[in-house]
Amino acid sequence: MNANRLTTPKEKVQQLQEKLGHAAKANKKRKFHALYDKIYRWDVLCEAWRRVKANKGAAGVDAVTLADIEEQGEIPFLKACERELKEGNYHPQPVRRHYIPKKDGKQRPLGIPTVRDRVLQMATKLVIEPIFEADFEEVSFGFRPKRSAKQALDRIRKACNRKGNWVVDVDIQGYFDNINQEKLMKLVQMRINDRRILKLIRKWLQAGVMEEGRVRRSDLGTPQGGVISPLFANFYLNYFDQLWEKHGKGVGELTRYADDCAPRRLGA
């Protein structure tokens, strides 16, 4: 990609992501120290806003909608985000708890961050995702760029056509709500050593959940529904993927989609 021809925030962000991804792949033990200032780059914030707006979604605890921000002015909103990050004055609000029905009749808890928090989570995700992606195993398909549930099913189908006897469908109960935050942070620090980024991530993990007017905070979990939560969830389970690839291949072939796994047993 020719830097002189870059015209849109999307193109500029893609170039940044390519550079970070190449650097992470070139050295699997490299720790990245200077990332925070990239989060409030204007092109990154604009692209983050574009993606959040495209995803639509409801308002958070502050009741501010996407339409409200468009009406009041997108540029002043993004300038305020930029200023808060630069000055270190950004503090996320608790996520709003919302429940959606599941097929089995139970309810799945979602955490809906405010629009501002979603934009800043997206900006952070744009910067750190290429670094994490360099470490992810081929067996993982959920919530990853250019990967889909259909590709995961195709992998299982092909494995069965070769010599699979059976498939086990495994779901980790309450996975997002029970991620150990301290262990997650230690895993993140294996790749990211920028104190301001780590502080930002901790703020989101500790922001808490508001339900029925009360805020509940916990040292467990990353809210399902947050923009950056699926990336954290994948990074947390990547260690499991690595262990399976190292020790479990003789038992079966693993395919994982977020917290859903399908080990396929090898034939006799």
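How many helices and strands does the secondary structure of the chain come to? The secondary structure comes to ten helices and ten strands. Here helices (H or I, at least four residues) and strands (E, at least two) are DSSP runs, numbered from the N terminus. The chain has a radius of gyration of 20 Å, close to the 18 Å that the globule rule gives for 268 residues, so it is as compact as a globular protein of that length. That radius is taken over C-alpha atoms, and the globule rule is 2.2 Å times the number of residues to the power 0.38.

This is a predicted model: local features need pLDDT of at least 70, side-chain atom pairs count only at pLDDT 80 or more, and totals for chains, interfaces and linings use all residues. Residues are numbered from 1 along each chain as its sequence is written, and side-chain values use heavy atoms, with hydrogens and water left out.

Now for the chain as a whole. Its C-alpha atoms fill a box of roughly 65 × 50 × 30 Å, taken along the principal axes. Buried residues make up 47% of the 268 residues. Buried means under 20% relative accessible area, exposed means over 50%, and partly exposed lies in between (1.4 Å probe, protein chains only). Contact means heavy atoms within 4.5 Å. Of the contacts with a separation of 6 or more, 72% come from residues 24 or more positions apart.

Start with helix α5, residues 74-87. It has 14 residues and reaches 20 Å from its first C-alpha to its last, close to the 20 Å expected at 1.5 Å a residue. The expected span is 1.5 Å times one less than the number of residues. Which residues of α5 are buried? They are F77, L78, A80, C81, E82 and L85. An α-helix has 3.6 residues a turn, so residues three or four places apart point the same way. The buried residues of α5 pack against α2 (36-39), α3 (42-55), α4 (66-72), α6 and α9 (195-205). After α5 comes G88, whose phi is positive, near 75°.

Next, the aromatic rings. Rings of Phe, Tyr and Trp (its six-membered ring) pair if their centres lie within 6.5 Å; planes under 30 degrees apart count as stacked, over 60 as edge-to-face and the rest as tilted. By this rule the count comes to nine aromatic pairs. One of them joins Y90 and W204, edge-to-face, at 6.3 Å centre to centre with 65° between the planes. Y90 lies in the loop between α5 and β1 (95-101) and W204 in helix α9, so the pair ties together parts that are 114 residues apart in sequence. Y90 counts as buried at 2% relative accessibility. W204 is buried too, with a relative accessible area of 7%.

Another pair is F132 with F235. It is stacked: 3.9 Å centre to centre, 15° between the planes. F132 lies in helix α6 and F235 in helix α10, so this pair ties together parts that are 103 residues apart in sequence. Both residues are buried. Ring pairs link F132, F136 and F235 into a cluster. F235 and F136 are 99 residues apart in sequence and 7.5 Å apart in space, C-alpha to C-alpha. Not counting residues up to four places away in sequence, F235 touches F132, D135, F136, L187, V188 and R191.

Rings can also have a charge over them. A charge sits over a ring if NZ of Lys or CZ of Arg is within 6 Å of the ring centre and within 35 degrees of the ring normal. The charged end of K79 sits over the ring of W42, 4.5 Å from its centre. R147 lies over the face of F141, at 4.7 Å from the ring centre.

Turn to the strands. Two strands pair if DSSP finds at least two bridges between them. β1 and β2 pair in the antiparallel sense over six bridges. They form a hairpin with five residues between them, and G105 in the turn has a positive phi of about 95°. β1 also runs parallel to β5 (residues 209-211), joined by two bridges.

Elsewhere, three strands form an open antiparallel sheet in the order β4-β9-β8. The edge strands are β4 (170-171) and β8 (256-257); each pairs on one side only. V170 stands opposite C261 in β9.

Last, look at T114. It is found in the loop between β2 (107-112) and α6 (115-133). At 1% relative accessibility, T114 counts as buried. Leaving aside its neighbours within four places in sequence, T114 is in contact with G60, V61, D62 and Q93.
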